[in-house]
Amino acid sequence: MRQLKIASWNVRTLSDASTSKRQAPERRSALVAAELERLNIDVACLSECRIPEEGEFTDGSYTFFHSGRSSDQPRQDRLLLLGDFNARVGCDCETWPEVIGQYGLGKENNQGITLLELCTRFGLTIANTLFSHPDIHRGTWKHPRSQRWHMIDYVIIRQHYRSDLVDARVCRSADCWTDHRLVCARLKLRFHISSQRKLNSGPRRLNINRLKVPEVNSQLREKIAANVQDLDAEPLDDHWKSLKETLYNTTKETVGFQKRQHRDWFRTHLKIVSITELPGITAKESSAAYKTNGGWIELVRSKPMQNGMTPRASSRQ
């Protein structure tokens with residue numbers, strides 16, 4: 001089991017300085033990739049990239065996928081929602097017990113209430129509010145006028161996988177020309193190995209009992225002699241592989257495969273059960289009855305019971 005480190009970061013734009021009107025460094029994607037690699041981030045969700053159309057490109061050791069996809073409702077799998085929601089959810093964990101924890105920041109606003117209702121409807125929880133950290137490691141965006149830090153960038157997962165979370169906090173050291181801070185979360189990845197046995201991929205068993213027939217035996221000898229003569233002079237390893245395949249295929253065409261016969265426990269042990277579990281019947285009488293009746297074993301007591309009736313026991317072969 002290994003840990004997966006994920007992050008959410010509002011980078012404002014990934015457009016280069018030559019195509020952007022605002023002052024920005026060249027190759028912003030390279031700067032973002034360098035910061036993510038320095039912090040050992042495996043997967044990052046970048047908001048407001050401002051790259052048109054859908055596609056992908058590689059910069060450094062990261063592959064950037066830019067696309068817009070909308071869905072009516074979350075899928076029934078391990079869902080992760082990362083990004084800048086521009087909503088304040090507060091810290092009222094008593095009103096929203098399954099959605100947020102007791103380590104929120106500030107008070108909720110209208111957008112935050114909408115987000116909380118959405119998480120309640122689809123069974124989601126906000127990972128940022130579940131772990132105890134100082135305020136400097138919880139605030140993701142500073143208000144330009146009040147200079148207060150607010151939590152508006154979130155990592156949201158399903159409530160069912162809440163135990164997979166290890167930690168969620170802000171990484172203050174990440175710097176990429178933005179007023180938002182990088183939000184990181186660590187999750188445990190569990191790989192389920194199937195317990196089903198693998199089917200045997202080896203060759204099937206040949207019906208070698210047919211070789212007892214003289215006609216089949218002589219026919220196989222003739223075919224093998226004819227097919228072996230067609231083999232060209234090859235290296236030892238290649239010659240052995242060709243010879244092996246030729247012998248197997250020729251024998252398969254001649255005798256075929258062996259058919260599996262499933263033993264019936266009841267039919268096999270019926271005679272023994274009849275002898276041991278029916279008192280008053282000797283082994284000789286049981287054998288005679290077994291051989292006489294092909295489909296049924298019918299055993300009759302030699303001595304009548306106390307009420308004068310003669311019991312009869314029958315069982316299917």
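Predicted model: local features only at pLDDT ≥ 70, side-chain atom pairs only at ≥ 80, totals over all residues.
Me: How many helices and strands does the protein chain have?
Reply: The protein chain has six helices and 13 strands. Buried residues are 32% of its 317 residues.

Me: How are the strands of a sheet held together, and what is the order of the strands in the open sheet here?
Reply: In general, strands of a sheet pair through backbone hydrogen bonds, and the pairing is parallel or antiparallel. The open sheet here has four strands in the order β2-β1-β11-β10, and its pairing is mixed. At the edges are β2 (43-47) and β10 (165-171), each of which pairs on one side only. On average, neighbouring strands of this sheet are turned by 15° against each other, direction ignored.

Me: Which way do β1 and β11 run, and how many bridges join them?
Reply: Strand β1 (residues 3-10) and strand β11 (residues 182-188) run antiparallel, joined by six bridges.

Me: Is Cys176 buried or exposed?
Reply: Buried means under 20% relative accessible area. Cys176 has 1% relative accessibility, so this residue counts as buried. Cys93, at 26%, counts as partly exposed.

Me: What is the accessible surface of the protein chain?
Reply: The accessible surface is about 22,300 Å², and 49% of that belongs to carbon and sulfur atoms.

How values were computed: Residues numbered from 1 in each chain as written. Heavy atoms only, no water. Pairing = 2+ DSSP bridges. Helix = DSSP H or I, 4+ residues; strand = E, 2+ residues; numbered from the N terminus. Axes fitted to C-alpha atoms, helices over the stretch in contact; angles between N-to-C directions. Buried < 20%, exposed > 50% of the residue type's maximum accessible area, 1.4 Å probe, protein only. Areas by Shrake-Rupley, 256 points an atom, 1.4 Å probe, with all protein chains shown as cover.
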